[in-house]
Amino acid sequence: MTPAETALVLARAQFAFTISFHFIFPSFSIGLASYLAVLEGLWLKTGKQVYIDLFRYWVRIFAIVFAMGVVSGIVMSYQFGTNWAVFSDKAGPIIGPLMAYEVLTAFFLEAGFLGVMLFGMKKVGPRLHFGATLMVAVGTFISAFWILSVNSWMQTPTGWAINAVGQFVPKDGWLPIIFNPSFPYRLVHTVIAAYLTTAFIVGGVGAWHLLKGSRTTAVKTSFSMAMWMAAIVAPIQIFAGDMHGLNTLEHQPVKIMAMEGHFQSHPDGAPLILFGLPDQDAQTVRYAVEIPKLSSLILKHDLNAPMNGLDTVKRADQPPVAIVFWTFRIMVGIGFAMLGLGLWSLLARMRGKLYDWKWLHRAGIVMGPSGTVAVLAGWATTEVGRQPWVISGLLRTADASSAIATPGVATSLAAFVIVYFAAFSAGTWYILKLMANPPHENEPDNVAGPIRTSGTTPAMENS
């Protein structure tokens, strides 16, 4: 491997490392913000203390998750200018404005109302406070909207032209760029994944406390709500994933070939390879366990539909098949495990045993982090499956990096690894510490906000 190739691998590893760490937190905070809005809305509607108790319990965790998401995301934008300067130059006229819209619309909205949400219940009143909570939840969705629009354009670029200096620029306005062919499918699939991630974390915490003998109304309610989400939303996500897969087959067929492990074309129906060891050098899947023609049935709704394989693609244009093949199976396997737990909880609910079946609770604890694992696996499938392109079919990853020497990239990568593990391990430990305590009746409000702003002194209370 040449020094330039080594530097490229390290630059890719650095971005993959930082975005993987970052993605953990928004995938939780997007769903948790909506969950908090639901809890506060139910409290206002019913007046039941349990909902505001759960709100106060989870809003403390949300504050930490949100903060770590912001901090971990800031450095990624700098990498565009350091490690990926050619990409920034060529795609900046399209990528830059879309990311700026995310800051101007989503981040400012979240930041503007976050303080009210965390500390303003007794200052603005319940209804205005609920409005602030809704604005934070809406802000997280808008943030996902813009970021996924950027990523989707890189996957399925449309509406672009090349200017006189070789940059990608809008051709016929912004709408074809924002609403590119894969964007609606990716938005739905990712946002539902965030909701499921939150549901299984909440369910895992509830299951833990049920096993520990805590049977308060708050613990039971949180577990019940999470299991309803698993039972209802998991099948919706499987359907949305199938639609996303069909869209990917239409616009990124090479990615589907890698996901399915189809090194050879199948003119009379392609098998569904359940497991195996992809060997890219030999262009085959060794020890394949497969079901004949099922892949054609799933992807084209016809047992005998022909499907092209990677033998129709130049080796230089093939993604790393083993990574895409296995991360896709991890994601799909977790999705069906989520569905199974949801159906199991329905059976327990119908028999009046939702809070009594200990094996259900143990499964809930095991599945607690499953959403996080699934979104990381899905991200790897999406991004690695796009390789060797940073903008599909238009700009290769190898041609998008900066001319930085290997020691420089290696040093920054090592620094990121050390700092991220130190800082975020501490934050994660504190989140788990909070989760280890069950929600109680009459949870205290978060009144311990800032007592002064810079340069001001609080007024003395009259005695």
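**Notebook: a predicted model, residue by residue**

I began with Ser370, which is buried at a relative accessible area of 6%. My cut-offs are under 20% for buried, over 50% for exposed and partly exposed in between, with a 1.4 Å probe and protein chains only. This is a predicted model: local features need pLDDT of at least 70, side-chain atom pairs count only at pLDDT 80 or more, and totals for chains, interfaces and linings use all residues. Residues are numbered from 1 along each chain as its sequence is written, and side-chain values use heavy atoms, with hydrogens and water left out.

Ser370 sits in helix α13 (residues 370-386). I take helices (H or I, at least four residues) and strands (E, at least two) as DSSP runs, numbered from the N terminus. Next I listed contacts, meaning heavy atoms within 4.5 Å. Not counting residues up to four places away in sequence, Ser370 touches Phe200, Ile334 and Met338.

**Entry: other buried residues**

I looked up Ser152 in helix α5 (residues 126-155). Ser152 is buried, with a relative accessible area of 0%. Leaving aside neighbours within four places in sequence, I find Ser152 in contact with Asn180, Ser182, Phe183 and Arg186.

Trp43 came next, in helix α1 (residues 3-46). Trp43 counts as buried at 19% relative accessibility. Residues up to four places away aside, Trp43 touches Lys48, Tyr51, Ile52, Met121 and Pro126.

**Entry: salt bridges**

My rule asks for a side-chain nitrogen of Lys or Arg within 4 Å of a carboxyl oxygen of Asp or Glu. How many salt bridges does this rule give? The count comes to 4.

Arg215 and Asp356 meet through their side chains at 3.5 Å, N to O. This pair links distant parts of the chain, 141 residues apart. Arg215 lies in the loop between α7 (183-211) and α8 (217-251), and Asp356 in the loop between α11 (321-350) and α12 (358-366). Arg215 is partly exposed at 36% relative accessibility. Asp356 is partly exposed at 38%.

Asp317 and Arg396 form a salt bridge at 2.3 Å, N to O. They too link distant parts of the chain, 79 residues apart. Asp317 is in the loop between α10 (294-300) and α11, while Arg396 is in strand β6 (residues 395-396). I read Asp317 as buried at 17%. Arg396 is partly exposed at 24%.

Arg286 and Asp279 form a salt bridge at 2.8 Å, N to O. Arg286 is partly exposed at 39% relative accessibility, and Asp279 is partly exposed at 21%.

Strand β3 (residues 272-279) and strand β4 (residues 284-291) pair in the antiparallel sense over 6 bridges. Pairing requires at least two DSSP bridges between the strands. Asp279 stands opposite Thr284 in β4. The two strands form a hairpin with 4 residues between them. Which residue in the turn has a positive phi? Gln283 does, at about 55°. Gln283 is a residue other than glycine, and is buried at 14%.

I found another positive phi at Lys293, near 65°. Lys293 is in the loop between β4 and α10. Lys293 is partly exposed at 31% relative accessibility.

**Entry: a cis peptide**

I checked omega at Gln387 and Pro388. A cis peptide bond joins the two, with omega about 10°. Pro388 is in the loop between α13 and β5 (389-391).

**Entry: the second largest pocket**

The pocket search ran on a 1 Å grid over the protein atoms alone; a pocket is an open set of points where a 1.4 Å probe fits, with protein on both sides within 12 Å along at least five of seven lines. Lining residues have an atom within 4 Å of a point. A volume is the space filled by probe spheres set on the points, which are joined across faces, edges and corners.

The second largest pocket has a volume of about 570 Å³. I count 22 lining residues, of which Ile201, Pro369, Thr428, Leu432 and Met435 lie nearest the centre. α1, α2 (49-82), α7 and α14 (406-436) each supply at least two lining residues. α14 gives the most, with 8 residues. By class, the lining has 17 nonpolar, 5 polar and no charged residues. Here Ala, Val, Leu, Ile, Met, Phe, Trp, Tyr, Cys and Pro count as nonpolar, Asp, Glu, Lys and Arg as charged, and the others, Gly among them, as polar.
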